[in-house]
Amino acid sequence: MLYPKESETREVKDLSGVWEFRTEIDKDYILMPVPASFNDVTQDINLRDYIGKVFYKRSFFVPSYWRDKNIFVRIGAATHSSEVYVNGVLVVKHKGGFLPFEAEISDYVNYGKENILEIVLDNTLTWDILPPGELKTIEDNMHPKGYRILNYYFDFYNYSGIHRPVMIYSTPKVYIKDISIITEIVNNFGIVKYSIESEGKNFHVILRDKGEIVAESRGKDGVMEVRSPKLWEPGNSYLYNLEVRLLEKDNFDVYRMEIGIRTVKVEGKQFLINEKPFYFKGFGKHEDADIRGKGLDHVINVKDFNLLKWIGANSFRTSHYPYSEEILFLADKYGIAVIEEAPAVGLNLWNRDEKVFTKGRVDEKTLEHHLEVMRDLIYRDRNHPSVVMWSVANEAATYEDGAEEYFKKVIEETRKLDPTRPITIVENVAPKETKVSKYVDVICVNRYYSWYTDCGDLSIIEYQLEKELKEWFEIYKKPLILSEFGADTISGFHSDPPLMFTEEYQQEMIKKFVEVLDKLDFVVGEHVWNFADFMTKQHITRVVGNRKGVFTRNRQPKMVAHFLRERWNKIPNFWKK
Ligand code: GCB
């Protein structure tokens, strides 16, 4: 799916701004910014924790010369189920809160008068949507009026609303629908294979390096060669400009995009980018910020990339859902590698007496949705050089028999959709227990020794972590990334000797963890949990959110940030241990 871009044949109207908004139980509309989560914008706790349907509305005009064009409405992301109406006509329904969807609306728009766009969302989580959850009503003598609670088993707040831009755009009648790019490096040549989806027939494809043509081709599918290519690499981004022209008399269309030439591969104990062993330094992140929640914010995004550079990170995981396209464009430009994760988190009840992969919970309906999500995700992001691996889920109950069949299908489908990138699943079970990691290319493990187990005892880390990681390698013989480790830390809390929740404890814990990682040659990366403090649901284990950030929610460094900065600036991006 192409990101809407302007060209001499296409126009884009970004409908970001202040819309009208109401919940199902309110009659009156209030003002609501788009994109943003609605939760933290007012002072009303009922709206903050609202579960159910909400209505967003605004008007727009279309220029009269769009009459002979295709017109689309495109929603970058909205949580979690959506219905979109143009002048009262339902034009598209969509399930899932973290990927874009669109509809052609050429037949439903008015010319010469305003159009009404309405988006109806439902933020209820169910077992057939990712991430899953369940709405329960408790009625007992302590809750005589009935008590509604949305249970979900993932650790971030269920921020809701229109989180990414809504755009109206035009294309010619016959147009360039999609483009896919695969790059290879052979001897001293960059090979760029492209494939165009369109009803058109005549194409001219031009690849430029800073304005100079370096390759061109004709045809719907083709291969271009770039002599002595400048490669895209983490820490050293290089982007070429691809221009695709559809040359049909009445349907001339042009789409331009930036591409990077690079290869990715897993071989033995290593994760190779451009045939060199890459070492992942970075974080699991979240799309999360004060007041705007999960709403796209260019200020926060650019700040985050500047902080990643400042601290010497070269990568992050889009824990636990696909991030905005705008973030991936930044990753391409900043030269940051991305492990892109499906919104499959919370496929776990954290109770071994209850099955998760069973009828009514994670079942065929969930699987069908999961496969659709993998497809939409890959079709959205396959052209980003920064995306180097797909993660199909985070901390699912992979010890269950049902999980094996389920994930085998998800992984097979992912591989079919994109044979060029390695696949992982992020695990939280013991190496012998998982029924799934044998199907992936890289082992990703989240570990919290001295935090959730043996609370406060930093001395056990070395023994426990080393023992476990070696077991992972002995069984699977695959490269391993420690995809989460960290400690809740209240900025400004100090103690010596280090006690839990202080900045000293976070630093000591992370130090002890990385000392083990440095000893193990099959460990190809360290992603600290988390980049910044983030909001969660209210719980006795969360002090106004999860505080495992290396930066505060306001993006200020905690003590450990300086330790990591010193460490990561010494470790090269390409590092054979
Ligand atoms: C995990 C989860 C992550 C949590 C983290 C924590 O294992 O993957 O979503 O936020 O632990 O802090 O407990």
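Student: At what angle do α4 and helix α5 (residues 401–417) pack?
Tutor: This is a predicted model, in which local features need pLDDT of at least 70 and side-chain atom pairs count only at pLDDT 80 or more, while totals for chains, interfaces and linings use all residues. Residues are numbered from 1 along each chain as its sequence is written, and side-chain values use heavy atoms, with hydrogens and water left out. Helices are DSSP runs of H or I with at least four residues, and strands are E runs of at least two, numbered from the N terminus; axes are lines fitted to C-alpha atoms over the stretch in contact, with angles from 0 to 180 degrees between N-to-C directions. With their axes 10 Å apart, α4 and α5 pack at an angle of about 25°.

Student: How is α4 oriented relative to α5: roughly parallel or roughly antiparallel?
Tutor: Their packing angle is about 25°. Angles under 35 degrees count as roughly parallel, over 145 as roughly antiparallel, 65 to 115 as roughly perpendicular and the rest as oblique. Therefore α4 and α5 are roughly parallel.

Student: How many cavities of 30 Å³ or more are there?
Tutor: On a 1 Å grid over the protein atoms alone, a cavity is a set of points where a 1.4 Å probe fits but cannot get out. By this rule, the count of cavities of 30 Å³ or more is five.

Student: How much space lies in the largest cavity?
Tutor: Grid points are joined across faces, edges and corners, and the volume is the space filled by probe spheres set on them. For the largest cavity, that space is about 230 Å³.

Student: Which element gives the most to the lining of the largest cavity?
Tutor: Lining residues have an atom within 4 Å of a point. This cavity has 20 of them, and M257, F329, R380, N383 and H384 are the closest to its centre. Elements giving two or more residues include β13 (176–186), β19 (253–259) and α4 (364–381). With four residues, the top contributor is α3.

Student: Which domains each give at least three residues to that lining?
Tutor: An automatic or database domain assignment sets the bounds, dividing the protein into domain 1 (11–123 + 158–171), domain 2 (176–263) and domain 3 (276–570). At least three lining residues of the largest cavity come from each of domain 2 and domain 3.

Student: Which helix gives the largest share of the lining of the second largest cavity?
Tutor: About 160 Å³ of space lies in this cavity. Its lining has 21 residues, with E287, D288, I300, N301 and I327 nearest its centre. Five of the lining residues come from the helix with the largest share, α2.

Note on methods
On a 1 Å grid over the protein atoms alone, a cavity is a set of points where a 1.4 Å probe fits but cannot get out, and a pocket is an open set with protein on both sides within 12 Å along at least five of seven lines; lining residues have an atom within 4 Å of a point.
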